[in-house]
Each structure stands twice: as structure tokens, then as C-alpha cells.
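Subject: Structure for you to look through

Dear colleague,

I am passing on a structure that I would like you to read slowly, with the viewer open beside this message.

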Amino acid sequence: MRKVLIVVAILLIQGFTASGQTTDKLAGRWAGTVDGIQGKQNAVATFKKEGDAYTGTITGLRPGSDVALKDIKVDGDKVTAKLEMETGQGSVVINYSFVVQGDSLKGKGEADFGGQTYAFDYDLKRGAELPAGTQVTAPAQQPPRREVPQPQQKQSIEYFVGQWTFNWIGRESALGLAPREGTVTFTLRPDGKSLDAKTVGKADGKPFTESAVITFDDATKMMTFSEKLANGIQVRSTGDWRSPISIRFTVEPIKIKNQTFALRRIISVVAAHSFTVAEELSEDGGPFVRLGSAIYTKVGAAK
């Protein structure tokens, strides 16, 4: 009888040893596909358990990249994580949610960028191999790009002329209340190179008005903004519109009482009838943190 028990124990030990990395439902290598705005591509996710915590990386969104995941959490069959990356138009955070069932890991990643949400669907298998000859980090041939509207508006002061509605979501700061909504009207001046802007709306339910003078140099594609906020604060900035899809601003330091504020602003030109604004704020030399974002839609534009 004792020999039988010993044999059973040995078999159990061998079974656990053979399963090795599969004893943890998440740890290991997962390979498959990600389906996003560029169509279906190959993707790999790798997770490692260190004590009670997980580390990991994921590929497939940007060829040639292998990005570290943060805040990996496992709750039953549910897995959540996120990654942060810098792009030419600012920082992007992607939040992931997966469901792990046996050798299958499925879920999605969602990125909120410029007021729009982009989703990526993942279908991965544990230890799966990609098709022969495939290189995840540098694919020889990208799959056909889906038909996604690509903003290619001409850089012109006349782009803004007219009335736009907006909805600004963010946090209250020394620059103003939040959230804000209303309309802004851009009127072309007689010189044809500058605009008057008047904003009328509500901030945290209270009415407000703001004004600005905007100039544009067609040769250099540079803009200047001179703004008077609702609380009387003056903001002066220079915008670089050499890229047809975005305007990146350099904002002069803003002094309010005994504090100095630095503002980052990016306008993303989405379409002829839509643009978005994203802002980050730094106080007294501290780190830049998200201030808010807005979507502007041209009144009367054909949808």
C-alpha cells in the first residue's frame, strides 16, 4: 500500500512539473491577432508573475515596438492592464480588459485620444506560434488599411471661419471653471490674415464670455493666439500648423497672483467640420497633468 501511495505522489509531482508555467492562468506567452483601425495584425502578449504581482509586454499596435504594460490586475478570469506612450500629438493611454479561459485570452484595448475613443480587439492563444516567416516587430507587409477618414485639411485661417459648438470636459483650475460648453464664432478681419473669436457659453452652469485675436502666416504656417479668458487672464501662444493634422502650441508662462502656470495645447484637425483640443497644465514647475479636452463641431456642417 505504501508503495502505491509513493507512486501516486511521484506521478502528481511529475504532473505539476510538466505543467510548469501553466499552473498560473495568465503567466506565459500569448500570440494571435489584434483587430483595429489598421485592420487585423499579428500580436503577442507576455506576462510574468513576480510574487503577487505581474509584469508584461504587448505588441501589435505599432510595428517595431514592444511596450511594457502597467497596473496588471487579475480578478478571477478577468485581466486588466494599461500602457502609456508618447506620440507626435501627445501622450496616449490605452486601457486593456481581457478574459482568460484555459488557453484563450480575448479582450480589447481602448484609447481615448483627442476626445475620440479607438478600440482594438484581441484574440490570443497560449504559446501559439505566428505564421511561418512572420515577424511581429517588423512585419514584411502590412495588411490593407481600412477606410478610415484621414484629416488632410488645408492649413488656412479660413478653416476656422464660422460658428462652432463645443463641449469641454476636464477639471477646474486657476484658468477657469469646468466643465464648459457653448459656441465660439470666428470672424475674418478685413486683412484676410487674422480672426476675431468670441466665445459664449456656460462654465459649471454659469454664463461666461471670452475673446481672442488670431493671426496666421501662410508662408511659415505659424499662428498666434492672444486670448482674454472669462476671469480676465491674458493668454498668449504660438501655434505650429506645418502638419495638416495638428497644431502644437507654445504658450507663454501665465502668472496668477504668486503662481506661475505652464500650459500645453494641441488642436487636432479631424475633418472640415470638426476639430479637438487637448490641454495639460503645470503649476509652479511641477509635472504636466491633464487639464481637459474639447470637441468642436461646425454649426450647419453636413454630417
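The chain is built from 1 helix and 20 strands, and please keep in mind from the start that this is a predicted model. Of its 303 residues, 37% count as buried, and the accessible surface of the chain comes to about 17600 Å², with 53% of that area belonging to carbon and sulfur atoms. If you take the contacts between residues at least 6 apart in sequence, 40% of them join residues at least 24 apart.

Before going into detail, a word on confidence. The mean pLDDT of the chain is 82, and 77% of the residues reach 70 or more. Over residues 2–22, however, the pLDDT stays under 50, and for this stretch the model has 4 contacts beyond four places in sequence. The pLDDT is also below 50 over residues 132–151, a stretch that has 27 contacts in the model beyond near neighbours in sequence. Where pLDDT is low, the predicted coordinates should not be read in detail.

I would then turn to strand S18, which covers residues 259–271 and contains arginine 265. Strand S17 (residues 254–256) pairs with S18 in the antiparallel sense over 3 bridges, and in this pairing isoleucine 256 stands opposite glutamine 259 of S18. The hairpin of S17 and S18 has 2 residues between the strands, and lysine 257 takes a positive phi there, near 55 degrees. Strand S16 (residues 246–251) is also antiparallel to S18, joined to it by 5 bridges, with arginine 248 opposite isoleucine 266. On to strand S19 (residues 274–283), which pairs with S18 in the antiparallel sense over 10 bridges; these two strands form a hairpin with 2 residues between them.

Which residue of S19 is the bridge partner of arginine 265? It is glutamate 279, and the side chains of arginine 265 and glutamate 279 are also joined by a polar contact of 2.8 Å. A polar contact of 2.8 Å likewise joins the side chains of arginine 265 and glutamate 227. Is arginine 265 buried or exposed? Its relative accessible area is 10%, so arginine 265 counts as buried, given that the cut-off for this word is under 20%. Leaving aside neighbours within four places in sequence, the residues in contact with arginine 265 include Phe225, Ser237, Ile247, Phe249 and Val277.

Elsewhere in your search for rings, look for the cluster linked by ring pairs, which has among its members Tyr159, Trp164, Phe216, Trp241 and Tyr296.

Technical notes. Residues are numbered from 1 along each chain as its sequence is written. This is a predicted model: local features need pLDDT of at least 70, side-chain atom pairs count only at pLDDT 80 or more; totals for chains, interfaces and linings use all residues. Side-chain values use heavy atoms; hydrogens and water are left out. Helices (H or I, at least four residues) and strands (E, at least two) are DSSP runs, numbered from the N terminus. Buried means under 20% relative accessible area, exposed over 50%, partly exposed in between (1.4 Å probe, protein chains only). A polar contact is a pair of N or O atoms within 3.5 Å; within protein, one must be able to donate a hydrogen and the other to accept it, and residues adjacent in sequence count only if both atoms are side-chain atoms. Contact means heavy atoms within 4.5 Å. Accessible areas come from the Shrake-Rupley method with a 1.4 Å probe; for residues, only the protein chains shown count as cover. Two strands pair if DSSP finds at least two bridges between them. pLDDT is the predictor's confidence in each residue, from 0 to 100. Rings of Phe, Tyr and Trp (its six-membered ring) pair if their centres lie within 6.5 Å; planes under 30 degrees apart count as stacked, over 60 as edge-to-face and the rest as tilted.
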